[in-house]
Amino acid sequence: MSKEIATPNRTKEILKKYGFSFKKSLGQNFLIDTNVLRNIVGCADLHENSGAIEIGPGIGALTEQLAKRCERVVAFEIDQRLLPILNETLAPYPHVTVIHSDVLEADIHSVIKENFKENQDLMVVANLPYYVTTPILMKLLEEKLPIRGIVVMIQKEVAERIAAKPGTKDYGSLSIAAQYYAEASTEIIVPKTVFVPQPNVDSAVLRLTLRTEPAVKVKDEEFFFKLVKASFAQRRKTLMNNLTHNLFSKTEKEAIEAVLTECNIDPTRRGETLSMEEFGLLANSLLEIK
Ligand code: SAM
């Protein structure tokens with residue numbers, strides 16, 4: 001059997017054979033370390049009946065490791081030049097399907113229906129293109145896909161923001177947006193040296209385990225997220241200041257103050273100190289004066 005795709009030599013050989021040149025604009029940093037790949041896959045707790053969805057297979061380094069552990073793998077790749085390469089590198093794995101598509105445009109619900117069994121254990125596992133990490137993760141979460149979770153290699157700084165707890169410097173609207181849908185943890189820190197070409201930033205593996213119900217019960221999701229965004233608009237300002245500048249007008253100050261008191265939230269606190277539950281309570285109460 002041929003060598004694994006993710007060794008430095010085999011990767012070099014494949015890239016040379018096809019005269020492939022990396023496109024920075026597509027976030028193309030390929031993994032050339034099989035240990036790191038096995039660790040990523042290990043975070044997904046896959047078993048032989050699992051299915052995996054990958055975003056951006058590149059030349060198939062991670063896809064191969066997923067194919068060795070799962071019953072079925074579907075990968076979305078935007079770059080047409082990679083299709084003939086994947087056709088060759090993934091030939092030993094007929095249970096892998098590559099879909100040529102921008103994942104942001106894809107109808108993932110339909111792809112799941114067409115390719116996986118009903119109620120199959122499903123994970124999204126990817127080394128994401130860093131230029132679109134947040135939109136991809138938010139699409140996966142907001143679309144409420146029938147998946148158990150998401151394991152992704154992303155920029156370390158973004159992983160830390162997503163998994164951050166209240167009161168820390170990394171905690172912000174992205175932490176709440178992701179943790180509303182999933183439990184988040186940073187699993188492995190990965191050095192730049194395991195990629196070709198090497199990115200400018202350090203990376204980390206983020207694990208998101210989807211909740212069966214959102215973390216808080218809110219009456220109006222759109223308003224809840226607007227409130228969260230407004231509360232973090234200027235991190236150094238108090239909650240009261242952010243709310244009167246970014247969500248309500250100054251004339252509503254007294255009414256907001258009354259709601260905050262009713263919710264037992266000091267108006268001089270900063271947004272970064274509020275827990276998910278407090279944001280939920282506040283969103284439901286402020287709806288009445290919206
Ligand atoms: N999985 C490979 C690996 O680990 O070596 C490649 C990872 S590389 C960081 C990101 C991959 O995502 C590239 O293959 C790139 O062409 C692809 N990509 C970029 N934007 C995409 C998008 N919007 N939809 C699908 N694939 C995308």
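On a 1 Å grid over the protein atoms alone, a cavity is a set of points where a 1.4 Å probe fits but cannot get out, whereas a pocket is an open set with protein on both sides within 12 Å along at least five of seven lines, and lining residues have an atom within 4 Å of a point. Grid points are joined across faces, edges and corners, and a volume is the space filled by probe spheres set on the points. The model shown is predicted, so local features need pLDDT of at least 70 and side-chain atom pairs count only at pLDDT 80 or more, while totals for chains, interfaces and linings use all residues. Residues are numbered from 1 along each chain as its sequence is written, and side-chain values use heavy atoms, with hydrogens and water left out.

Select the ligand to begin.

Now show the N and O atoms around the ligand. A backbone N or O atom of Leu31 lies 2.8 Å from an oxygen atom of the ligand, and a backbone N or O atom of Gly56 lies 2.7 Å from a ligand nitrogen atom. At Glu54, an N or O atom of the side chain is 3.2 Å from a nitrogen atom of the ligand. On its own the ligand has 600 Å² of accessible area, of which the protein covers 99%, as computed by the Shrake-Rupley method with a 1.4 Å probe.

Hide the ligand and look at the space it takes, which is the largest cavity (more than half of a molecule's atoms must lie within 2 Å of the grid points for it to sit there). This cavity contains about 360 Å³ of space, and of the 31 residues that line it, Ile55, Gly56, Glu77, Asn127 and Pro129 are the closest to its centre. The lining draws at least two residues from each of S1, strand S2 (51–55), helix H3 (61–69) and S3, and it divides into 21 nonpolar, seven polar and three charged residues.

Move on to the largest pocket, with a volume of about 220 Å³. Lys24, Gly27, Asn29, Pro199 and Asn200 are the closest to its centre among the 14 residues that line it, and the lining comprises six nonpolar, six polar and two charged residues.

For the second largest pocket, which holds about 180 Å³ of space, select Met138, Glu142, Ser173, Leu174, Ala177, Phe225, Val228 and Lys229. Helix H6 (133–142), helix H8 (173–181) and helix H9 (221–231) are the elements that give two or more residues to this lining.

Two backbone details complete the tour. The peptide bond from Val196 to Pro197 is cis, with omega near -15°, and Pro197 is placed in the loop between strand S8 (195–196) and strand S9 (203–210). Asp45, in the loop between helix H2 (34–43) and S2, has phi near 50°, a positive value in a residue other than glycine.

Technical notes:
A polar contact is a pair of N or O atoms within 3.5 Å; within protein, one must be able to donate a hydrogen and the other to accept it, and residues adjacent in sequence count only if both atoms are side-chain atoms. Helices (H or I, at least four residues) and strands (E, at least two) are DSSP runs, numbered from the N terminus. Ala, Val, Leu, Ile, Met, Phe, Trp, Tyr, Cys and Pro count as nonpolar, Asp, Glu, Lys and Arg as charged, and the others, Gly among them, as polar.
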